[in-house]
Amino acid sequence: MRVWATELTEAELAQPAVVFCPHPDDEVLGCGGTLARKVAAGADVRVVFLTDGSRSHPRHLDPRSARRLRRREALASCAVLGIPACRVRFLDLPDGQLAARQAELTAAAADILRCHRPSQVFVPSRFDGVCDHVAAGAAVLAAAGAAGETTILEYPVWFWRHWPWVSERGGPLRRRLGRTRDAVIGAVRLFGRFRCAVDVRPLLDLKAAALACHASQMVRPTDRPDWPILADVAGGDFLACFTGPREHFQRYAVRTAGRRRREHR
Ligand SMILES: [Zn+2]
């Protein structure tokens with residue numbers, strides 16, 4: 001990927017951006033190092049959290065408490081990345097329901113993009129395979145033309161959840177063959193699509209500090225052994241995917257509402 005990918009230039013890092021995140025923590029997992037580099041380069045970076053994140057622990061937290069907690073965590077994480085609360089917005093749509101709120105989400109995204117007219121728009125990858133992430137990407141793309149010509153940067157989060165990015169040990173032959181097929185498809189997608197990269201090596205500690213702000217997703221309370229955390233996913237392999245030297249993006253430009261103009265490296 002080091003040879004294959006094209007790095008964002010300093011001039012591109014300095015461009016204004018709006019980052020759409022389905023849930024608190026996506027801003028760090030998907031592009032935390034990149035956002036910190038953009039802030040350091042002097043870019044105006046706005047983060048929009050689409051859902052309230054209230055369903056991350058439905059058996060342990062009532063929706064109201066979860067919403068409040070995750071909002072606090074999101075603001076703390078953005079502050080670590082260098083993004084003040086005045087540049088963070090919460091749409092508070094219901095967690096897990098973005099697919100059912102497409103029209104509302106598209107209208108809200110269009111308003112935000114018309115207001116800020118960013119050069120870059122960060123959205124979750126279409127390959128994430130998680131309802132809220134796929135719906136968020138589709139809605140923002142549909143709205144993107146409202147800002148005039150802009151560059152879309154799709155960031156993968158749950159894309160990394162599958163083998164071969166995480167290990168799946170053993171299993172029957174059929175399953176192993178399925179994993180081989182997934183590996184080929186995954187590699188084609190990675191090399192063919194996520195060809196834009198940002199070197200985040202100097203920012204890995206900062207990224208870890210921002211991620212630690214999402215304590216509800218990172219730390220299991222000692223009295224709640226069944227409290228799920230991100231480190232549970234694929235035995236910790238998933239979380240390790242976000243400590244690499246580069247963050248990868250699928251980059252392309254849009255000019256008219258939702259229509260992709262050209263994909264470029
Ligand atoms: Zn998410």
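Predicted model: local features only at pLDDT ≥ 70, side-chain atom pairs only at ≥ 80, totals over all residues.
Donors, in what follows, are N, O and S atoms within 2.8 Å of the metal.

**First stop: the zinc ion**

Select the zinc ion together with H23, D26 and H133, whose atoms H23 (ND1), D26 (OD), D26 (OD) and H133 (NE2) are the protein donors, at 2.1 to 2.6 Å from the metal. Read along the sequence, the donor residues follow the spacing H-x2-D-x106-H. If you now colour by secondary structure, you will find D26 in helix α2 (residues 26–40) and H133 in helix α5 (residues 131–144), so this pair ties together parts of the chain that are 107 residues apart in sequence. Both D26 and H133 are buried. Turning to the geometry, the angles subtended by the four donor atoms around the zinc ion run from 52 to 144°; a tetrahedral assignment would require all angles to lie between 85 and 135 degrees, and the arrangement is therefore irregular. Keep in mind that water is not among the atoms, so the site may look incomplete.

**Second stop: the aromatic pairs**

A pair of aromatic rings is described by the distance of the centres and the angle of the planes. The structure holds seven aromatic pairs, and among them is the one formed by F122 and F249, which is edge-to-face, with 5.6 Å from centre to centre and 85° between the planes. Selecting these two residues shows a link between distant parts of the chain, since F122 belongs to strand β5 (residues 120–124) and F249 to strand β8 (residues 246–256), 127 residues apart. F122 and F249 are both buried.

Next, select F159 and F194, whose ring centres are 5.2 Å apart and whose planes meet at 70°, so that this pair, too, is edge-to-face. Here the link runs between two loops: F159 sits in the loop between β6 (150–155) and α6 (173–193), while F194 sits in the loop between α6 and β7 (196–199), at a separation of 35 residues. Both of these phenylalanines, F159 and F194, are buried. Extending the selection to F127 and W160 displays one aromatic cluster, made up of F127, F159, W160 and F194.

**Last stop: the cysteines**

How many disulfides does the structure hold? The count is zero. Select C213 to examine one case: C213 is in no disulfide, and the nearest cysteine sulfur, which belongs to C78, is 9.3 Å away, whereas a disulfide would need the two sulfur atoms within 2.5 Å. Finish at C196, which has a relative accessible area of 1% and is therefore buried.

Terms used. Residues numbered from 1 in each chain as written. Heavy atoms only, no water. Phe/Tyr/Trp six-rings, centres within 6.5 Å; stacked < 30°, edge-to-face > 60°. Helix = DSSP H or I, 4+ residues; strand = E, 2+ residues; numbered from the N terminus. Buried < 20%, exposed > 50% of the residue type's maximum accessible area, 1.4 Å probe, protein only. Donors = N, O, S within 2.8 Å, 3.2 Å for Na, K, Ca; no water. Tetrahedral: all angles 85-135°; square planar, octahedral: opposite > 155°, others 65-115°.
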